[in-house]
Amino acid sequence: MVQVELDVQDCFLESSPEAAQACGYMNNQVSPATWEDWFHRWLEILDSSLPPAPSYEIGLRLTDDTEIQAINAQYRQQNKPTDVLAFAALEVDLPQNPEMVAEPLYLGDIVVSINTAQRQAGQQEHSLSTELAWLTAHGLLHLLGWDHPDEESLIAMLQQQVILLEAIGININVNY
C-alpha cells in the first residue's frame, strides 16, 4: 500500500479571501483530506512508475495568477501566468539505492493557479474541482518523469490523466 504525505498550501484563499468568495472558489474548494485521498489513489495506480520508497512526500500550492506568473518567470523564463507548474525533486534516470532512500521520499512540488483553473473550467464547462484534479494529476505525472514534447507523448499523458481522474470518480471528455 502506497503511503503519501501531502503538504497542501492554499495561498489563494489565505491571500485573497474576497477574490476566493467572488469567483466561487470557497464553494468548490477541495479539502486537504480529499487531496490526500486523491494522491493516495493516484500513486497506487502509478506504483510501477514510482522509485522504491517506504512512503512519498509531495507539496501542493494553490495560488493566484500573480504568484504563478512570478514563479513561471523565475524558473521557466516565461513572464506570464500558467495553469500548473511541477518541480520534480528526482532525476528520472537516477538509479535509486534502497538503503539511501529517505523516508518519506520527496517527489517534488506542484503549483496550480486558481484564477487560470477557474477560467479553464468555464471554457471546458466543468467544475473548478474537476479542473483542479485535472491540473494536479498533470503535475503529478510531470513529477514522475512524464513529459509531452510531441503529440504522441501528449496523447499518452492525457490518457493517463483520464485514468487518474476516473479513479477518483471524475469522468472527463478529452479530444485527442
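Guide: This is a predicted model, and the questions below take up its pockets and its salt bridges.

Visitor: What volume does the largest pocket have?
Guide: Its lining includes Asp 83, Trp 134 and Asn 175. Helices α6 (114–124) and α7 (128–143) each give at least two residues to that lining. The volume of the largest pocket is about 250 Å³.

Visitor: How many residues lining the second largest pocket are charged?
Guide: The second largest pocket holds about 200 Å³ of space. Among the residues lining it are Arg 76, Asp 83 and Asp 147. By class the lining has three nonpolar and five polar residues, and the charged ones number three.

Visitor: Is Asp 65 buried or exposed?
Guide: The side chain of Asp 65 meets that of Arg 119 in a salt bridge, 2.8 Å from N to O. This pair links distant parts of the chain, with Arg 119 in helix α6 and Asp 65 in helix α5 (residues 65–76), 54 residues apart. Arg 119 has a relative accessible area of 44%, so it is partly exposed. Asp 65 has 13% relative accessibility, and because buried means under 20%, Asp 65 counts as buried.

Note on methods:
Residues numbered from 1 in each chain as written. Predicted model: local features only at pLDDT ≥ 70, side-chain atom pairs only at ≥ 80, totals over all residues. Heavy atoms only, no water. 1 Å grid on protein atoms, 1.4 Å probe; cavity = no way out; pocket = protein on both sides within 12 Å on 5 of 7 lines; lining within 4 Å. Points joined across faces, edges and corners; volume = space filled by probe spheres on them. Helix = DSSP H or I, 4+ residues; strand = E, 2+ residues; numbered from the N terminus. Nonpolar A, V, L, I, M, F, W, Y, C, P; charged D, E, K, R; others polar. Salt bridge = Lys/Arg side-chain N within 4 Å of Asp/Glu carboxyl O. Buried < 20%, exposed > 50% of the residue type's maximum accessible area, 1.4 Å probe, protein only.
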